[in-house]
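The following paragraphs are meant to be read with the sequence and the coordinates open side by side.

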Number of protein chains: 2
Amino acid sequence: MTRLRTVACLLPLAALTLAQSPTPQVFGYRDFSQQAKWDKSFMAVPDAALAGQHLKTLTSAPHWASSPEDYATAVYVADKFKAAGLETQIVPYKVLLNKPVKIIVEAFDADGKKIMSGPTPEHVDPNKFGGDPFQDDPRILPAFNGSSPSGDVTAEVIYANYGTLADFQQLTKLGVSVKGKIVLVRYGENFRGIKTYIAQQYGAVGVLIYSDPADDGFFRGDMYPRGPYRPETGVQRGSIQFLPIYPGDPTTPGVASTLDLPDSKRIPVDKLENNQPSIPTNPLSYHDAAPILKALGGAESPRDWQGALPFTYHLGAGGTHGTPPKITVHMHLDQDIALRTIWDVEGRIPGTDNSDDWVVAGNHRDAWVYGAVDPNSGTAAMLETVHGLGDLLKQGWKPQRTIVICSWDAEEEGLIGSTEWAEQHEKVLAHAVAYFNTDVGVAGPNFDAAAVPSLKQFVREVTKEVASPKGGTVYDQWKADQAAPPPTRRTRRPTEATDSDVHIGTLGSGSDYTPFIQHLGVPSTDIGSEGPYGVYHSVFDNYNWFTKFADPTFVYEQQQARVFGLEILHMADADVLPYDYQLYGKEIVGYLEAAQKQATTKNFTLDFAPALAAANRFAAAGTAIRATQSTPPANPTTLNQSLRNAEGALLNPEGLPKRSWYKHTIYAPGEFTGYAAVVIPGVNEGIDAPDAPRAQSQLAALTAALNRSATILENANKEAAK
Amino acid sequence: MTRLRTVACLLPLAALTLAQSPTPQVFGYRDFSQQAKWDKSFMAVPDAALAGQHLKTLTSAPHWASSPEDYATAVYVADKFKAAGLETQIVPYKVLLNKPVKIIVEAFDADGKKIMSGPTPEHVDPNKFGGDPFQDDPRILPAFNGSSPSGDVTAEVIYANYGTLADFQQLTKLGVSVKGKIVLVRYGENFRGIKTYIAQQYGAVGVLIYSDPADDGFFRGDMYPRGPYRPETGVQRGSIQFLPIYPGDPTTPGVASTLDLPDSKRIPVDKLENNQPSIPTNPLSYHDAAPILKALGGAESPRDWQGALPFTYHLGAGGTHGTPPKITVHMHLDQDIALRTIWDVEGRIPGTDNSDDWVVAGNHRDAWVYGAVDPNSGTAAMLETVHGLGDLLKQGWKPQRTIVICSWDAEEEGLIGSTEWAEQHEKVLAHAVAYFNTDVGVAGPNFDAAAVPSLKQFVREVTKEVASPKGGTVYDQWKADQAAPPPTRRTRRPTEATDSDVHIGTLGSGSDYTPFIQHLGVPSTDIGSEGPYGVYHSVFDNYNWFTKFADPTFVYEQQQARVFGLEILHMADADVLPYDYQLYGKEIVGYLEAAQKQATTKNFTLDFAPALAAANRFAAAGTAIRATQSTPPANPTTLNQSLRNAEGALLNPEGLPKRSWYKHTIYAPGEFTGYAAVVIPGVNEGIDAPDAPRAQSQLAALTAALNRSATILENANKEAAK
């Protein structure tokens, strides 16, 4: 405890030192000096040790969404919100969740001899490297995939690498069919639901997804509890919902699953094929996958499909050495699929302007098991952010814009708590000025962020105010980390060259910003602090792992509480909304030029001219409005409304082809990636399909959106020039 | 047998078809038409099935140099030489060789419990994938390293990756000392003797070299007998002589170890530290290395030091987790180190010109065990070359220049048979016009070559005349193979851009061309046909492996016999020696420019101007003499002497610093690479050391050599213009 306190006391000093430098010019503020004082008062509050206590409490039991333990965490969070002075309520929804009743996965060799009987419970040797104090809790559910149907199938096995579209296409090229087979794939490269999405289209009858040690196990570094990587029996749970079609409760796309929603407004469970897989899918540890993989015959897998298990990987079919031995797997998944109650927690600080220009910030609370990193490192930081906001309230501070802090439930099953809440508040959220997300708050010491381009500069400015436990500011360390050569660098590698500043990623999916930015057009950011983290979605993502490998003294918790808090404070009180449409415009022009090149390589004759003209017009309007934002009118209300509406205008009310829930014309999770964003998705997926007419009509929709948005910015400029 | 015959009959037809095209212009010939006829006659002879029979006979028993079985192979080869009409003799030498009497390598954990007791005999399951019919021969020696001293050491272990200079430097940076330790390194990246050379300099007391499955085992593809890669118990034997200091019999550098050489002319065995390691070194299979590596504590190894064994690799020391467990290894090597008799076989076809302008061609015959690929695939091909030459002799052909075909012994222990023979014939070899080497004749279907630049075009021309079993010519397939994307390409990746033709490698060391080119300045080439070959220097490099994975119908044997034969025929009968000094000059200019860049990055102020001037002068003379070579004088004798002397003039009689046996100023095996060539070695190793004065004085020696050679070419040009 002494050690924790020492560090916790040291860091506010560093923050104070930074704040003593002359007040910086901050985009959006006429005069930042008053805000700088509030920032300073705020930053003194978030406490490392308290964050540690929150984390310990929140992760004391497995708290899968809808479980009693999940409800207990909702009550804990609500209590902290109330104690800080927030107008707090627990908001329940009734949503479809599967709970495993019985999970059997077993494998047999050609003679019918059982070569694997699983799933093996997650367990590490209690006598080595301190063991694990959490692994034996009887409340731990068997490892399973959210959204998997029940099923009882026995079939031969084909190994399909990461199960990407390219992997399945290569199997076809090699003459290997997965029709009627169980596909064994490894985690990585794409969202796990996409693996099933593609396998099902190729005719597979089941999917097993295992964690190869090449990707997050011993090949990367020492296994837990010796090091931070996934141990032999470690399993990655996770949803296989078809997230890129729509997230949230599968039975209510576009509608909030409130407790009083009549069943007649829900899609019946047997009609959910659009969003729910039809073939049983289950995760495996490498302990259970290895005997199957090892026994597979047929062709040698392509050499870049080889993982780190100690034998040569084969496909299970194909090749020139005759019929391979008949390895079969029996999967028997008995899922209890039912409507279950989940609980978001919502806390408000009413703004003085009485407008609907909400600043929303959120983090999910539910976990596959203990969820120390994912998500409760974020929850603990958020609670210390709330602690800081509460202290400001006591000091007399009142935000201009209403602040809404949310603790989401059932994110793991498909962003359900956030999606239902966003769908419920759809109308008012059309005015919300920002959504700030944090999910994995802290997995290690390396800050990283993703954001809509209009908020990239905003995030950078905030990180320049916060001290890093490593010395200097968070911004300094973030920049140094990105400049380091690959073996050191832990965060995203810069890929875009639109600006030369520290790189900020593109919002894809896999966390709760998706309903806000991609369905409703609320400008969003996502922050976290990363590190070597191999126990994702396993029993071992627990308090013991966290305090050994992620943040033993919780100083990165404190850092994240500060960064998250400053995002909220600045957005709530900025005179002018600090959106950078100049950079946004530049990036869109870049996206279009890249798509045009891609279309050329496919010999498509698409007319990019109108879209490019619209993007350039949007970029020019963005440059002009930046000048207006720097010298705003006395009453910036109309300007601010226009700035917000410019983002909203990028939505296409018809949504994307095949997935109308996704309405944003610039960003969506890729149909075949899931996590990773596809930019200008209608156009790029039309080109990839390849489907030239679709690409052309999507270009038209994009052009219209860009022209709508440019008109809004141009008019705002004219108005301000009056 | 039918299948073999069919293929063997088909291919000469293909060759005939190729020869029917109009007679090409071939560099060195005034009129190629007569030679084209001899070529055609020659190429009809080499027989795939006969090559297979040679291979089967030569590899029927382990035939380590100096063993009775080795002598039997010498007799077999001599008989074939004689049958073809060559003037044949078996040439014995008396050389220092170590033979293992007892090899013990065992490992103990911190409690003194034995965790490994080795070496484990090389063995695969006889009931799977056909097993291996050769593995149980009692004449197989335990796996050992040639040139290792005896020793009995017990020490803790440090893992040092590939044991390169950079690896040892990185250990030092990580605060890990190998002083007093046994170093465990993996095969690859450099010549194995260099691993011991550096380990010894860093204070290690022993070295264990193991084969990591990442480098030639299951990670690359299926293990023998299922596939061509090294099985679990497979060991790579091999010499750890300090080859870059000097090769050959350690007791007689620069002198031939003839049977009558008095002991007084030999360096005593206890004074051989210059060329012989002083610390015991032994190879291991991954079966035996894995328990040691797995038990090592201390710091995690750098992540690019991780191999394919199923655990995280550690260094054995360092790191932040306190004192690692004390893993010790006991190595007890009892070597019988003695002068032993070896047997080269030499066969001559006297030339009509009665000159000393010999064409020498050779391949070694001794093997660590059976040596089906290394070296007897080359021997079998060479015997079919001799078969073809014999047929030409019967048809009345007589070569202009004397041809000497050699079957070397004790190459594996350090190029001993070839070095002693070359040292014995030093004077006459100053006139030899070429040395053609083949070692691994056939490991698979992908032709590849290395050569001194003056002979690159010569090799390409020869391969354009020979049919490939894959269709087209060897040249066509070679080119297609190099153009293929990396996963398909098996041969060397082009790195130099001096000419845009098919890439030919640079001669480093590790085979018998070294005494010829690097000690005596005889222009050399090295050819082979490559493929996935993971059983190098193990018991499993045997006839069973060869016929399963390398060349089941011996058609590549036939191809190599033809290419090798055409090299000899063309060099023996060319009107003008077909050396390309234009390309040679260009390459040297490129080497100097690269070295200059390297010197600049080290802030060396070296004067490259004289060397660059000399290289450009040499290149210009090369361009001029190419014209002369194309329209030669009626009597080209003087021109040919000059052409040959131009290569000889590139020797520096003083040799390289620290290793005066190496006299060539342009090529040497690298002091810290062994296999890989260092170009303009005096200069580049001076820069790398870093030692600016040495680099400058080596630049001067190089400048002098280039000017000497340029003068010779210029004078020859003047003479021819008269």
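A residue counts as exposed when its relative accessible area is over 50%, as buried when that area is under 20%, and as partly exposed in between. The coordinates belong to a predicted model, and the labels that follow are applied to that model. A:Asn603 has a relative accessible area of 69% and is therefore exposed. This residue sits in the loop that runs between α17 (581–601) and α18 (609–630) of chain A. Its backbone is also worth a look: A:Asn603 is not a glycine, yet its phi is positive, at about 60 degrees.

A:Glu189, which is not a glycine, has a positive phi near 75 degrees. A:Glu189 is placed in the loop between β5 (182–186) and α6 (192–201) of chain A. With 66% relative accessibility, A:Glu189 counts as exposed.

The bond joining B:Asp374 and B:Pro375 is cis, with omega at about 10 degrees. B:Pro375 belongs to helix α9 (residues 372–394) of chain B. Another cis peptide bond joins B:Ala689 to B:Pro690, where omega is about -10 degrees. B:Pro690 is found in the loop between α20 and α21 of chain B.

In chain B, helix α20 (residues 681–688) is mostly covered, with 7 of its 8 residues buried. The buried residues are B:Pro681, B:Gly682, B:Val683, B:Asn684, B:Glu685, B:Gly686 and B:Ile687. What do the buried residues of α20(B) pack against? Their partners in chain B are the helices α17 (581–601) and α21 (692–721) and the strands β15 (667–669) and β16 (677–679).

In chain A, the packing of α20 on α21 can be described by its geometry. Helix α20 (residues 681–688) of chain A and helix α21 (residues 692–721) of chain A have axes 8 Å apart, at an angle of about 170 degrees. Angles over 145 degrees count as roughly antiparallel, so α20(A) is roughly antiparallel to α21(A). From α20(A), the contact uses A:Gly682, A:Val683, A:Glu685, A:Gly686 and A:Ile687, and from α21(A) it uses A:Ala692, A:Arg694, A:Ala695, A:Gln698, A:Leu699 and A:Leu702. By class, the residues of this contact between α20(A) and α21(A) are 6 nonpolar, 3 polar and 2 charged.

Helix α21 of chain A also holds A:Ser697. The relative accessibility of A:Ser697 is 43%, so this residue counts as partly exposed. A:Ser697 and A:Leu272 are separated by 425 residues in sequence and by 28 Å in space, taken from C-alpha to C-alpha.

A helix pair elsewhere in chain A has another geometry. The axes of helix α12 (residues 456–463) of chain A and helix α13 (residues 474–483) of chain A come within 7 Å and cross at roughly 115 degrees. That angle makes α12(A) roughly perpendicular to α13(A). In this contact, A:Val459, A:Arg460 and A:Thr463 of α12(A) meet A:Val474, A:Tyr475 and A:Trp478 of α13(A). The contact of α12(A) with α13(A) comprises 4 nonpolar, 1 polar and 1 charged residues.

A:Tyr475 takes part in a further arrangement, as A:Lys464 lies over the face of its ring, 4.5 Å from the ring centre. In chain B, B:Arg626 lies over the face of B:Phe27, at 4.3 Å from the ring centre.

Rings also pair with one another. Ring centres must lie within 6.5 Å to count as a pair, and by this rule there are 70 aromatic pairs over all chains. One of them is formed by B:Trp408 and B:Phe516, a tilted pair with 5.8 Å from centre to centre and 40 degrees between the planes. B:Trp408 lies in strand β11 (residues 403–408) of chain B and B:Phe516 in helix α14 (residues 513–520) of chain B, so the pair ties together parts that are 108 residues apart in sequence.

In chain A, ring pairs join A:Tyr224, A:Tyr533, A:Tyr536, A:Phe540, A:Trp545 and A:Phe549 into a cluster.

Technical notes:
Residues are numbered from 1 along each chain as its sequence is written. Chains are lettered from A and ligands numbered from 1 in the order in which they are written. This is a predicted model: local features need pLDDT of at least 70, side-chain atom pairs count only at pLDDT 80 or more; totals for chains, interfaces and linings use all residues. Side-chain values use heavy atoms; hydrogens and water are left out. Rings of Phe, Tyr and Trp (its six-membered ring) pair if their centres lie within 6.5 Å; planes under 30 degrees apart count as stacked, over 60 as edge-to-face and the rest as tilted. Helices (H or I, at least four residues) and strands (E, at least two) are DSSP runs, numbered from the N terminus. A charge sits over a ring if NZ of Lys or CZ of Arg is within 6 Å of the ring centre and within 35 degrees of the ring normal. Axes are lines fitted to C-alpha atoms, for helices over the stretch in contact, and angles run from 0 to 180 degrees between N-to-C directions. Angles under 35 degrees count as roughly parallel, over 145 as roughly antiparallel, 65 to 115 as roughly perpendicular and the rest as oblique. Contact means heavy atoms within 4.5 Å. Ala, Val, Leu, Ile, Met, Phe, Trp, Tyr, Cys and Pro count as nonpolar, Asp, Glu, Lys and Arg as charged, and the others, Gly among them, as polar. Buried means under 20% relative accessible area, exposed over 50%, partly exposed in between (1.4 Å probe, protein chains only).
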